Amino acid sequence: MAMTMNGEVQLAAPREAVWEKLNDPEVLKACIPGCEELEKTEDGGFRATAKMKVGPVSARFKGKVMLSDLDPPNGYKISGEGEGGVAGFAKGGAAVKLAEKDGGTLLSYDVEAQIGGKLAQLGQRLINGTAKKLADEFFANFAKAVQG
C-alpha cells in the first residue's frame, strides 16, 4: 500500500537554527513519536527503533534512516525503512525544504511511503489518519524544540 502526504509548518526561528536541529539526533529522537533509539551511523545516517500503534496493531520497528541531497540550510531528502516483525514493514522518504518567511522559517515536506504486512490490511483511511497524526505530533514537538 502506497501513501503520500505533504504539509508545511511555520517556525519562529532562523533557518540556520532549524537546519541544525533537523540534523541533531537527540532533537529528532525527542520529537519522533514512539522513538526509543536513534543513533548516528558511520555512513552519515541513523539507526532507529520506534514503537508504533496503528489501530489494533502494535509493533516495534527497527530500521535505518539516510539523509541525502543535503543542501544546507535549504533542505534535504530523508529516507528510511523499518521492519516490524509480523506487523509488516514500512519504507519511504520525505523531501524537506526550508525557506525564510515572516522573520522565521517555513518548513515544507513531501512524504511518500509504502507499507506491507498486517499494517497494510488495516485500510487506507486508518493508515492515512495515523500517519497524519504522527506527522502533526512530530512537527509540534519539533516546533517546541526549535523555539527553545
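Trainee: Which residue in S3 stands opposite Lys40?

Mentor: Lys40 stands opposite Phe46 in S3. Before going on, note that this is a predicted model, in which local features need pLDDT of at least 70 and side-chain atom pairs count only at pLDDT 80 or more, while totals for chains, interfaces and linings use all residues. Residues are numbered from 1 along each chain as its sequence is written, and side-chain values use heavy atoms, with hydrogens and water left out.

Strands (E, at least two residues) and helices (H or I, at least four) are DSSP runs, numbered from the N terminus. Two strands pair if DSSP finds at least two bridges between them. Strand S2 (residues 35–40) and strand S3 (residues 46–54) are joined in the antiparallel sense by five bridges. Together S2 and S3 make a hairpin with five residues between them, and Gly44 in its turn has a positive phi of about 85 degrees.

The whole sheet is open and has seven strands in the order S1-S7-S6-S5-S4-S3-S2, with antiparallel pairing. Strand S1 (2–11) and S2 are the edge strands, each pairing on one side only. On average, neighbouring strands of this sheet are turned by 25 degrees against each other, direction ignored. Such angles are taken between lines fitted to C-alpha atoms, for helices over the stretch in contact, and run from 0 to 180 degrees between N-to-C directions.

Next come S4 and S5, an antiparallel pair with eight bridges, where Lys62 stands opposite Glu83 in S5. Their hairpin has three residues between the strands. Pro73 lies in the loop between strand S4 (57–71) and strand S5 (75–83), and the peptide bond that joins Pro72 and Pro73 is cis, with omega about -10 degrees. Asp69, found in strand S4, has a positive phi of about 50 degrees although it is not a glycine. Most residues other than glycine have a negative phi, and most peptide bonds are trans. Asp69 counts as exposed because its relative accessibility is 59%; exposed means over 50% relative accessible area, buried under 20% and partly exposed in between (1.4 Å probe, protein chains only).

S5 and S6 pair in the antiparallel sense over nine bridges, and Ala95 in S6 is the bridge partner of Lys77. Their hairpin has five residues between the strands, and Gly85 in it takes a positive phi near 60 degrees. S6 and S7 also run antiparallel, joined by 13 bridges; here Ala90 stands opposite Ile115 in S7. The loop between strand S6 (89–101) and strand S7 (104–116) holds Asp102, which has a positive phi of about 50 degrees without being a glycine. Asp102 is exposed, with a relative accessible area of 68%.

H1 lies across S1, S4, S5, S6 and S7, at about 165 degrees to S6. H3 lies across S1, S3 and S7, at about 25 degrees to S1. In helix H1 (residues 15–22), Arg15, Val18, Trp19 and Leu22 are buried. These residues are on the same side of H1 because they cover an arc of only 100 degrees around the axis, the arc being that of the directions from the helix axis to the C-beta atoms. Val18, Lys21 and Leu22 in H1 meet Phe142, Ala145 and Val146 in H3.

Conventions: Contact means heavy atoms within 4.5 Å.
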